[in-house]
Amino acid sequence: MKNTVDRRDFLQKSSLAVAGSLLLPQLGKSAIQNDAKVRLGFIGVGLRGRNHLHNTLAFPMVEVTCICDIDPQAITAAQKILREAGKKEAAVYGKNEHDFENMVKRDDLDGVVIATPWEWHVPMALATMKAGKYAGLEVSATVKLQESWDLVNTFEKTGAHCMLLENVCYRRDVMAVLNMVRSNLFGEITHLQCGYQHDLRGVKFNNGKQPYGGGVEFGANAFSEAKWRTQHSVDRNGDLYPTHGLGPVAEMININRGNQFLYLTSMASKGIGLHKYVVDKGGEKHPNAKVNFKLGDVVQTMIKCANGETILITHDTNSPRPYSLGFRVQGANGLWMDDGNQIYVENVSAKHDVWESDEAYMKKYDHAFWKQFEQEALGAGHGGMDYFVLRDFILSIQNKTTPPIDVYDAAAWSAISPLSEQSIAKGSTAVAIPDFTRGKWKTRKPIFALETT
Ligand SMILES: NC(=O)c1ccc[n+]([C@@H]2O[C@H](COP(=O)([O-])OP(=O)(O)OC[C@H]3O[C@@H](n4cnc5c(N)ncnc54)[C@H](O)[C@@H]3O)[C@@H](O)[C@H]2O)c1
């Protein structure tokens with residue numbers, strides 16, 4: 001018995017030591033330069049765009065030269081952020097839905113943050129790339145499959161980069177688990193789970209003033225995402241928002257960089273949550289009680305990868321439930337689960353067949369980014385991860401390098417959405433996932449959260 005304990009202790013210490021020495025990224029070369037100006041523009045300064053705008057204030061080298069939005073109130077709120085921070089107001093675009101095309105041609109612009117409704121993402125990213133600027137694109141990048149190809153083809157033609165601003169890849173626990181995977185704590189990875197499980201009913205419907213303000217309106221009379229996002233639940237049945245879950249696990253198994261998605265199959269439950277919400281809040285006679293929502297309440301998609309792993313992604317936004325991205329990262333030696341913050345590693349965990357808290361592991365495998373920039377990050381949104389995603393975008397522009405979440409990631413991760421729709425429409429049959437790298441995944445090397453930007 002004593003030997004077993006000693007061995008577990010030894011294994012734990014040695015695997016932790018590996019994480020502490022060999023795998024920590026070297027931050028030296030990628031240090032951001034305060035005196036090398038980065039000129040940013042914004043398309044879409046709604047709730048999310050203004051989060052990003054606010055976060056630029058932490059980066060003294062950033063100058064926001066221009067902003068574009070068709071909603072004058074959004075423009076006013078954005079200018080206020082700049083003014084109150086003592087910055088110059090930005091040049092304004094937004095006289096019509098295509099005015100962004102004029103903005104991206106400006107000379108005083110290096111990169112553009114795009115935080116608009118999903119259906120505008122690709123036209124705006126393409127215009128930005130064609131104008132030779134870095135596109136920083138909110139999630140999901142695309143709605144239709146062809147749009148993934150449009151992003152890739154435009155990058156390959158212009159050489160202008162597109163970074164998917166997938167902030168969850170930078171979540172502190174997720175980055176620590178990435179360190180655990182890279183240090184082989186779980187052994188060879190076999191299976192991953194993730195998703196977007198977030199009760200959005202109060203976002204999908206509102207009274208036209210603010211989210212969570214009650215009301216059951218969506219479309220033109222609503223506020224923020226209820227203006228546009230809810231219509232996707234009317235028209236589409238699939239995983240509408242895959243990348244918050246999929247991005248982090250794709251990094252853990254090197255998708256597009258030594259590994260590849262092969263095919264998926266997807267299945268949707270019945271969809272009753274949105275109708276029930278309208279009836280409960282607005283009554284059976286409310287006009288929106290007649291709307292037929294196509295989206296299933298719980299959509300599950302299983303992906304098979306070239307190196308043999310499976311990934312189960314869940315989309316669940318229409319039911320009462322606490323928030324969870326539902327991560328599970330499993331290998332031949334053990335697994336971590338987000339729900340319950342629990343971990344089990346054979347011959348490392350103190351008791352056989354018993355979960356332990358992941359707290360000590362999170363501390364020991366804390367990522368170098370977080371160790372170094374915790375204070376700066378804590379002022380940004382979503383627990384700090386928004387700081388890191390913007391930082392990497394700025395760094396890529398400053399160093400003129402490939403962003404750590406690049407156009408191939410944007411294309412492949414986002415394509416799961418239309419492909420899951422295809423699978424569901426065909427009775428959950430398997431659907432091939434295109435290789436957007438056209439074979440380059442075999443030789444591309446991992447760069448995310450390593451020394452490369
Ligand atoms: N990564 C995250 O954590 C996170 C969080 C929230 C939202 N998002 C994403 O950010 C994006 C924006 O979401 P949001 O919550 O800010 O929505 P929002 O509706 O509050 O903002 C969108 C803005 O785009 C503007 N817009 C629409 N069409 C335009 C056009 N043609 N030209 C210029 N402006 C236009 C709107 O007027 C609005 O101000 C979405 O893709 C969403 O999925 C990501």
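**Ligand shell and fold of the predicted model**

The ligand sits in a shell of 26 residues, with Gly44, Gly46, Arg48, Asp71 and Ser224 the closest; a residue counts as near when its C-beta atom, placed from the backbone, lies within 6 Å of the molecule. By type, the shell splits into 11 nonpolar, 8 polar and 7 charged residues (Ala, Val, Leu, Ile, Met, Phe, Trp, Tyr, Cys and Pro taken as nonpolar, Asp, Glu, Lys and Arg as charged, the others, Gly among them, as polar).

This is a predicted model, so to speak of local features takes a pLDDT of at least 70 and side-chain atom pairs count only at 80 or more, while totals for chains, interfaces and linings use all residues. Numbering runs from 1 along each chain as its sequence is written.

As for the overall fold, there are 15 helices and 15 strands (DSSP runs, H or I of at least four residues and E of at least two, numbered from the N terminus). The C-alpha atoms fill a box of roughly 75 × 60 × 40 Å along the principal axes.

Buried residues make up 49% of the 453, buried meaning 20 or more other C-beta atoms within 10 Å of a residue's own, with C-beta atoms placed from the backbone. The largest nonpolar core holds 122 residues, and Ala125, Leu137, Leu151, Cys162 and Val329 touch the most other members; such a core joins buried Ala, Val, Leu, Ile, Met, Phe, Trp, Tyr and Cys residues through C-beta atoms within 7 Å.

Definitions and conventions
A residue is buried if 20 or more other C-beta atoms lie within 10 Å of its own, exposed if 12 or fewer, and partly exposed in between; C-beta atoms are placed from the backbone.
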